[in-house]
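Here are my notes on this model, as numbered points. Please read them with the coordinates open.

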Amino acid sequence: MCRNIRTLYNFAPPASEDEVHAAALQYVRKISGFAKPSKANEAAFEHAVAAVAAASSELLAELVTNAPPKDREVEAAKARARSAARYAA
């Protein structure tokens, strides 16, 4: 599950709310052990996702760097190359 959590900081354009929410959802799924919570746990699960997303957004807004923003397409190409090398048979 955690392989779906991607670095969201220092990209052009900045991470969207949907990307932050998706990362928060993956994190809560991982630590709770639930891919989809039961009705009894659904409220707590959604509250945790919202709290993690809010904390993540706050963190991303407060971080500073002198490095130029990374290009999403270039980083995706690098990741594909690493994956191809890793899984080459």
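1. Terms and basis. Contact means heavy atoms within 4.5 Å. Helices (H or I, at least four residues) and strands (E, at least two) are DSSP runs, numbered from the N terminus. Buried means under 20% relative accessible area, exposed over 50%, and partly exposed in between (1.4 Å probe, protein chains only). This is a predicted model, in which local features need pLDDT of at least 70, side-chain atom pairs count only at pLDDT 80 or more, and totals for chains, interfaces and linings use all residues. Residues are numbered from 1 along each chain as its sequence is written, and side-chain values use heavy atoms, with hydrogens and water left out.

2. Helix H1. This helix has 16 residues and reaches 22 Å from its first C-alpha to its last. That is close to the 22 Å expected at 1.5 Å a residue; the expected span is 1.5 Å times one less than the number of residues. Its buried residues are Val20, Ala23, Ala24, Leu25, Gln26 and Val28. H2 is included in what covers them. Gly33 follows H1, with a positive phi near 85°.

3. Ala23. This residue lies in helix H1. Its relative accessibility is 13%, so Ala23 counts as buried. Ala23 touches Ile5 and Leu8, leaving aside residues up to four places away in sequence. Asn10 is 13 residues from Ala23 along the chain, and their C-alpha atoms are separated by 16 Å.

4. Helix H2. Does the length of this helix agree or disagree with its residue count? H2 covers residues 42-62, and its 21 residues should span 30 Å at 1.5 Å a residue; the end C-alpha atoms are 30 Å apart, which agrees. Phe45, Val49 and Ala53 are the buried residues of H2. They cover an arc of only 70° around the axis, so they sit on the same side of H2. The arc is taken from the directions from the helix axis to the C-beta atoms. These buried residues pack against helix H1 (17-32). On the other side of H2, Ala43, Ala44, His47, Ala61 and Glu62 are exposed.

5. Ala51. This residue is found in helix H2. Ala51 counts as partly exposed because its relative accessibility is 40%. His21 lies 30 residues from Ala51 along the chain, yet their C-alpha atoms are separated by 9.9 Å.

6. Most residues other than glycine have a negative phi, and most peptide bonds are trans. Asn10 has a positive phi of about 65° although it is not a glycine. Asn10 is found in the segment before S1 and is buried, with a relative accessible area of 16%. A cis peptide bond joins Ala12 and Pro13, with omega about -5°. Pro13 lies in the loop between strand S1 (11-12) and H1. Please check both sites in the model.

7. Second largest pocket. A pocket is an open set of points on a 1 Å grid over the protein atoms alone, where a 1.4 Å probe fits, with protein on both sides within 12 Å along at least five of seven lines; lining residues have an atom within 4 Å of a point. The second largest pocket is lined by 13 residues, and Arg6, Leu8, Ser56, Leu59 and Leu60 lie nearest its centre. H1 and H2 are the elements that give two or more residues to this lining.
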